[in-house]
Structures are given as structure tokens and as C-alpha cells.
Amino acid sequence: MLIVPEREIADLMTRDAAFAAVEQVFAAMAADKAYNFPVVREAIGHEDALYGFKGGFDRAGLTLGLKAGGYWPNNMDKRGLINHQSTVFLFDPDTGKVRAMVGGNLLTALRTAAASSVSIRHLARKDAKVIGMIGAGHQATFQLRAALEQRGFEKVIGWNYHPEMLPNIEKVASEAGLPFAAVDLPGMAEADVIITITSAFAPSLLAEHVSPGTHIACMGTDTKGKQEVEAALLARATVFADEIAQSVSIGEAQHAIAEGLLQEADIAQLGAVINGTHPGRKDAAEITLFDGTGVGLQDLAVAAAVVDLALAQGRAIEVDF
């Protein structure tokens, strides 16, 4: 078995490699060449943690495996550890034998950022100039760095429930040579692209906060009950998802469907746009929304890519198992 420890990931995995892996697996999903297994996600009754498993099989890339882990909300305050903790396990699809164990913390951040940036590349207006961030935690910095590579953005605006965290994303904007402004939620109307990346259970972004032509990437809702945007916003938008089944059960679409504002048939796979079987954005005034729930195949794709990089550079640890 090969082991690629968490400490090696930062030097191995790039944003470009993560983007390519996620884009390819979305395309494979839409072409019915890859599928995700049902998600297991449970509150374990200890440390307020959510723990679970995401897995799948990509026949095109011959990638089989799972990610185990979850969210420990007290980690940063109590232990100085990031709150998201995970490990990816890859298996040989021909034999079922375990192939690799890969540190999943940084990979999760990179693949989540890659997913939203894939949606921006394929759905945002070409002339998008202002990007808005709702959320300013650890994940938000990865989201913003990846997003800024997709369009010629000229300004970053941000809102966070705890405004003292906004310097996290202001720093990223500054590194990119862009001005940053903290705004209230109605101020998001200035944005051409909005990324929401929070762990909220009540909506912050309302339909009235969004201007025509905006692309929204909703990246924080991945559990039943979570919600970042008003259900009425999905009714105004053309909605895309990484996986439709997860979108309607644990993503933003769960609320719009419950309120009778959206039907499952109204949601398209982002991979269909990548494959050219869906037209994507139709005009400059259309609001597009990507419901990024986070699928196991994303994790497997980036883990498989990093294993290949580790082998090529002689940085994978091989053990008998």
C-alpha cells in the first residue's frame, strides 16, 4: 500500500491539477461513466462532530475508493487543528486490494475550491469583474484564490457573520493586487460572481441581493438542514449541481424543493455543460447557480492525481499491508 501523508500534499498538488481532476470527473459523471455511492454522514454525539463517508467508482479513470472524515467544530479553539479532518482510501478496482491512503485535509479544500472554479469557468459571464465572498473562514481563502484565476476580476467584496475574519480574504485579494471592500448583504448586488462558503443553517444571501447576470457558487451546504441562500433565489436562477441526487437531499435545492419552488427535473449537472450536452448560460442577464454539495468522486480524483505525482517524485511511502 502507498501512503501520501498530509505533510506532503502542499508540495505535490497544485490548483491546476485539482481543477483538471475535478473537471474530468464531473464530465465522467454526466456521461454516466462514474457514479457516487450513497453518503453516510452522522452526528456522533461527541465534540459536536459530524462524521461520515463519501465514495464512488470512476470507470473512465478506474478510480475506486472512499473518503472518511468530517467536521470537528471545536478543533481550532481547543487544539489548534483545522475543523475539517479527513483521509482518502483508494482501492484497485480489478482486485479490491487497497492501493493507497492519502491525507485528505488540504485535498478537500483544493477540490472544493476547484469545483466552484470549474463552475465559474463554464457558467460565469466572460466580462465578470467583481467577485463577492460570503464566508471568510479557512475554506474561503482557497475558494477565492482558485476563483480569481478564472476571470479578469478587478475587485473583491466580502461579508461574514463574524466580520473580524474578513482580513483572511482581504489578504488574498491584496496578494492578487485587487482592492477589497467589506459590504453588507445588499451590497452583494455589485458582484458578478458570488461564492458562499459557510456552515450556516439559515440563509444569508437573499434573492433581492443578487443582480441579473450573476453566477453564484454555493459551496457550504452539504448536510440536511444546512442553508446559505434563500430558496427563492434558486427559483430565479438556472440551477446546476455536482450531483443532482445530493443537491435535492443535502444541498441548497433541498429547501427550494420543500417549498415547491423547484423540481428535481429543473436541475442540470455541471458536467453536462463541460461535455457540451447542456448549453450552460444562455444570455448575459441569466442568473446561474451551482449547488456544490461535494461528492466522493471529487476526493478520489484529486487523491489519485496526488498519488501519481508522489510516485513520479519518489515521495510516496510504500508499506506491506
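Trainee: Which elements each supply at least two residues of the lining of the second largest pocket?

Mentor: Those are α2 (15–30) and α11 (296–312). Helices (H or I, at least four residues) and strands (E, at least two) are DSSP runs, numbered from the N terminus. Before going on: this is a predicted model, where local features need pLDDT of at least 70 and side-chain atom pairs count only at pLDDT 80 or more, while totals for chains, interfaces and linings use all residues. Residues are numbered from 1 along each chain as its sequence is written, and side-chain values use heavy atoms, with hydrogens and water left out.

Trainee: And what counts as a pocket here?

Mentor: On a 1 Å grid over the protein atoms alone, a pocket is an open set of points where a 1.4 Å probe fits, with protein on both sides within 12 Å along at least five of seven lines. Lining residues have an atom within 4 Å of a point.

Trainee: What volume does the second largest pocket have?

Mentor: About 170 Å³. That volume is the space filled by probe spheres set on the points, with grid points joined across faces, edges and corners.

Trainee: Which element gives the most to its lining?

Mentor: α11, with six residues. The residues that line the pocket include Leu-297, Leu-300, Ala-301, Ala-304, Ala-305 and Asp-308, along with Ala-21, Gln-24 and Val-25. Asp-58, Gly-61 and Thr-63 are also among the lining residues.

Trainee: How does that lining split by class?

Mentor: Seven nonpolar, three polar and two charged. Ala, Val, Leu, Ile, Met, Phe, Trp, Tyr, Cys and Pro count as nonpolar, Asp, Glu, Lys and Arg as charged, and the others, Gly among them, as polar.

Trainee: Back to the two helices. At what angle do α2 and α11 pack?

Mentor: About 135°, with their axes 9 Å apart. The axes are lines fitted to C-alpha atoms, for helices over the stretch in contact, and angles run from 0 to 180 degrees between N-to-C directions. That makes α2 oblique to α11. Angles under 35 degrees count as roughly parallel, over 145 as roughly antiparallel, 65 to 115 as roughly perpendicular and the rest as oblique.

Trainee: Which residues meet there?

Mentor: Ala-18, Ala-21, Val-22, Val-25, Phe-26 and Met-29 in α2 are in contact (heavy atoms within 4.5 Å) with Leu-297, Gln-298, Ala-301 and Val-302 in α11. By class, this contact of α2 with α11 holds nine nonpolar residues, one polar and no charged.

Trainee: What about α2 and α4?

Mentor: α2 and helix α4 (residues 105–123) pack at about 70°, their axes 8 Å apart. α2 and α4 are therefore roughly perpendicular to each other. From α2, Arg-15, Ala-18, Phe-19, Val-22, Glu-23 and Phe-26 take part, and the α4 side includes Leu-110, Arg-111, Ala-114 and Arg-121. The class count for this contact of α2 with α4 is eight nonpolar, two polar and four charged.

Trainee: Where do the axes of α4 and α11 come to, and at what angle do they cross?

Mentor: They come within 10 Å and cross at roughly 115°. Leu-107, Thr-108, Arg-111 and Ala-115 in α4 meet Gln-298, Asp-299, Val-302, Ala-303 and Val-306 in α11. This contact of α4 with α11 has five nonpolar, two polar and two charged residues.

Trainee: Changing topic, what is phi of Glu-47?

Mentor: Near 60°, a positive value in a residue other than glycine. Most residues other than glycine have a negative phi. Glu-47 sits in the loop between β3 (40–43) and β4 (50–58). Leu-62 also has a positive phi, near 50°, and its place is in the loop between β4 and β5 (63–71).

Trainee: Last one. What is Val-248 in contact with, leaving aside its neighbours within four places in sequence?

Mentor: Ala-253, Gln-254, Ile-257, Glu-264 and Ile-267. Val-248 lies in helix α8 (residues 244–250). Val-248 and Ile-267 are 19 residues apart in sequence and 9.0 Å apart in space, C-alpha to C-alpha.
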